[in-house]
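Subject: Structure handover

Hello,

Please find the structure below, with its sequence. My notes on it follow.

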Amino acid sequence: MVMNFIEGTYFLTEAELQANNITRYHVTQFYRKQITNSGYYDQLKYIVEPSCDEFESPGTLDTSGEQDNTVVPGLQHKYAQTGLLLVTDRCASYCRYCFRKRLVGKDSHEIAPDFAKVAQYIGSHPEMTNVLLSGGDPFVLSTARLNEILEHLLPIRHLNSIRFGTKMVAYEPKRFEDPALLALFQRIHKAGKASVIVTHFDHIGEISVNAEHNIRSLHSQGVQFLNQSVLLSKVNDDPQILAATFAKCHQIGVRPYYLFQGRPVKGASHFQVPLRRGLAIAHGINQRLSGIQKTFKYIMSHYTGKIEILDLGADSRIYMRYHQNKDPDKIGKIFSRPHFDGACWLDDLPEE
């Protein structure tokens with residue numbers, strides 16, 4: 001098996017995986033220390049330590065329609081109002097559940113989209129009000145490189161926010177002490193747009209004192225924060241853990257907005273949680289949170305669009321609502337499919 005870590009490519013045998021002796025290759029020093037001392041290492045180790053299950057785990061490398069929705073190399077227009085710009089395929093660390101190669105349109109160690117073409121496309125689509133920089137993790141790029149990308153985005157008048165999807169707040173919070181990064185966010189504000197950091201705290205044990213300090217500091221400068229968590233078997237499939245995570249996010253100025261139902265990603269689908277269990281967890285979270293903290297939606301990111309999972313009805317059907325979709329007429333509409341025990345994904349449920 002071949003794994004690509006930030007230090008390079010490693011060829012691994014099943015015996016090496018079984019021994020769990022390669023953790024040092026793909027966990028930043030800060031993150032390793034944080035999760036070891038958090039009191040939650042028995043759960044968090046599944047994020048960073050390989051498993052033999054990965055050899056046989058099913059799924060695909062493109063479960064969310066990335067290839068189908070790529071309009072310019074590096075740019076997806078999957079939802080009417082949002083452009084997903086894949087600026088790099090590198091990460092500061094390596095999550096066990098994200099084996100999918102997110103780079104679409106090119107095969108390289110670091111994507112270099114034609115940003116002029118990207119900006120031209122966005123400029124011709126006034127319905128696109130926000131862009132999410134993703135990949136990889138945009139904050140592994142230098143601040144100077146990020147500023148070069150903004151050169152193409154900030155002049156577009158109908159864009160009202162620039163978002164950065166990142167796990168770096170957990171992995172390497174020192175990155176956010178860069179004074180040039182604050183200047184970058186201020187530049188976005190001066191252009192009349194909101195700067196938004198979408199954090200990926202999946203577990204309260206990932207929220208360090210350093211991360212909290214940086215979030216509070218940037219929040220005081222006008223940077224907005226959202227959080228999306230992925231529901232992961234053996235890691236955070238516990239309403240008490242997730243309620244505590246979301247409550248902590250609210251406390252430090254981060255609004256949890258998505259609890260993601262994990263996709264059947266090849267090599268990582270053993271982290272999926274059955275839909276019935278996911279709904280029980282979502283109910284349990286809401287029972288533990290105060291009213292103002294109930295900001296999250298239980299979401300499945302399907303290749304047809306983002307789908308909010310609502311409930312399992314007395315008629316043994318899963319009820320869902322289109323949350324984001326290429327077809328604006330579908331957004332907000334409720335639909336249902338028969339439930340089957342063990343189903344984890346929309347495609348596990350027959351249309352009728």
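A disulfide is a pair of cysteine sulfur atoms within 2.5 Å. This model, which is a predicted one, holds zero disulfides. As for individual cysteines, C249 counts as buried, with a relative accessibility of 0%. C344 is also in the buried class, at 10% relative accessibility. The cut-off for buried is under 20% relative accessible area.

Next, helix 2. This helix covers residues 29-37, and its buried residues are Y31, Q34 and I35. Viewed down the axis of helix 2, the buried residues fall within an arc of 90°, so they line one face of the helix. As background, an α-helix has 3.6 residues a turn, so residues three or four places apart point the same way. On the face of helix 2 turned away from the buried side are the exposed residues Q29, K33 and N37. The cover over the buried residues of helix 2 includes helix 3 (41-48) and helix 6 (168-171). Just after helix 2 comes G39, which takes a positive phi of about 90°.

The last item is K306, a residue of strand 12 (residues 305-312). Is K306 buried or exposed? K306 is buried, because its relative accessible area is 11%, and the limit for that class is under 20%. The side chain of K306 makes a polar contact of 3.4 Å with the side chain of Y79. Leaving aside residues up to four places away in sequence, K306 touches a number of residues, among them Y258, F260, R321 and H323.

Regards

Technical notes: Residues are numbered from 1 along each chain as its sequence is written. This is a predicted model: local features need pLDDT of at least 70, side-chain atom pairs count only at pLDDT 80 or more; totals for chains, interfaces and linings use all residues. Side-chain values use heavy atoms; hydrogens and water are left out. Buried means under 20% relative accessible area, exposed over 50%, partly exposed in between (1.4 Å probe, protein chains only). Helices (H or I, at least four residues) and strands (E, at least two) are DSSP runs, numbered from the N terminus. The arc is that of the directions from the helix axis to the C-beta atoms. Contact means heavy atoms within 4.5 Å. A polar contact is a pair of N or O atoms within 3.5 Å; within protein, one must be able to donate a hydrogen and the other to accept it, and residues adjacent in sequence count only if both atoms are side-chain atoms.
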